[in-house]
Amino acid sequence: MKLIKIAVTALLLFAFTTVNAQDELMKELDSVPKEKEVASAAFKGLQICNMQSTKLPAQGEFYFLVTHRFGDLKNGINNFFGLDNAFTKLGGIYGATDWLSFSVSRHTYQKTYEFAIKYRLANQQIDGFPVTIVGYNTMDINSELNKDLYPGLKFNNRLAFTTQLLVSRKFSNSFSAELAGIFVHKNLYDALYDQKDVFLVGAGTRYKIAKRLSLNLDYAVRVNLPEETQSIYQNPLTLGLDIETGGHVFQLVFSNSQAMNDVAIFSNAGGDWAKGSLYFGFNMYRVF
């Protein structure tokens with residue numbers, strides 16, 4: 001009988017110790033920081049309008065892009081409301097990883113080849129890190145330059161570059177905003193009207209107005225223009241409409257930049273909203 005009491009007592013002590021150990025283990029597990037949930041994309045398109053957004057392709061995704069800008073609407077019927085002198089861009093974008101993509105495109109403007117790399121540095125998190133941060137770099141090759149007009153032309157003279165830091169935040173399911181620091185460098189430029197280096201501060205927004213529609217706006221201001229500049233170019237301002245369909249995002253845009261490569265968008269926007277000098281067009285991305 002004495003042995004039975006000892007065995008029962010030992011069993012009860014073992015059970016109590018086990019339960020207490022389990023409670024302590026559960027408390028420790030609860031105290032381990034859980035991985036923060038990443039906020040869904042602030043923008044549906046890879047571009048806001050002309051500016052890049054902080055969205056990247058997923059790993060293994062390939063985007064085929066076709067973008068188009070008609071001629072100056074101000075000229076009316078004389079250029080058939082822009083149809084007579086349109087610019088086109090064709091290209092592809094590949095998601096090497098979820099945070100890194102590469103792209104190449106060909107533009108009718110200056111017969112430009114544009115190479116770009118886009119990389120995510122940080123993600124906006126729910127109840128965590130407040131913004132998404134993305135870097136974007138481009139290199140342009142101007143293949144239109146003619147050695148007959150520029151006898152001393154070297155390959156290096158054909159090159160131009162942009163470096164961009166994009167910071168976005170999704171404030172709600174309907175509204176997102178982005179700020180951008182932008183640097184443009186040209187190896188060959190017209191010193192009378194243009195600059196070798198241009199610094200800009202840009203901003204863009206997206207506001208969802210229906211299930212598959214959003215109104216977008218982007219703008220960038222050049223911050224290092226000389227006081228007595230003779231620049232004939234304007235700060236780029238673009239208004240757009242996103243239309244989400246089954247396999248792609250279709251964007252309609254009105255812009256004061258007809259060119260679609262980043263170097264020209266940010267430093268050579270030739271239109272003027274105040275004078276009605278605008279270019280209508282579209283961006284179309286098809287994902288595979």
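In this predicted model, the accessible surface of the protein comes to about 15,900 Å², and 62% of that area belongs to carbon and sulfur atoms. Of the 288 residues of the protein, 40% count as buried. The secondary structure consists of two helices and twelve strands, which follow one another along the sequence in the pattern α-β-β-β-β-β-β-β-β-β-β-β-α-β. Among contacts between residues at least 6 apart in sequence, 56% join residues that are at least 24 apart.

For A180, once residues up to four places away in sequence are set aside, the contacts are M51, L165, L166, L200, V201 and G202. In soluble globular proteins, nonpolar side chains tend to be buried together.

There is also a nonpolar patch on the surface, formed by F171, F175, Y207, I209, L215, L217, L239, F254 and W273, which together have about 800 Å² of accessible area. Two or more residues of this patch come from each of β8 (197-210) and β9 (213-222). One of the patch members, W273, is found in the loop between α2 (262-267) and β12 (279-287). Is W273 buried, partly exposed or exposed? W273 counts as partly exposed because its relative accessibility is 31%, whereas buried would require under 20% and exposed over 50%.

Notes: Residues numbered from 1 in each chain as written. Predicted model: local features only at pLDDT ≥ 70, side-chain atom pairs only at ≥ 80, totals over all residues. Heavy atoms only, no water. Patch = residues over 30% accessible without salt bridge, like charges linked within 9 Å, V, L, I, M, F, W, Y side chains within 5 Å. Areas by Shrake-Rupley, 256 points an atom, 1.4 Å probe, with all protein chains shown as cover. Salt bridge = Lys/Arg side-chain N within 4 Å of Asp/Glu carboxyl O. Helix = DSSP H or I, 4+ residues; strand = E, 2+ residues; numbered from the N terminus. Buried < 20%, exposed > 50% of the residue type's maximum accessible area, 1.4 Å probe, protein only. Contact = heavy atoms within 4.5 Å.
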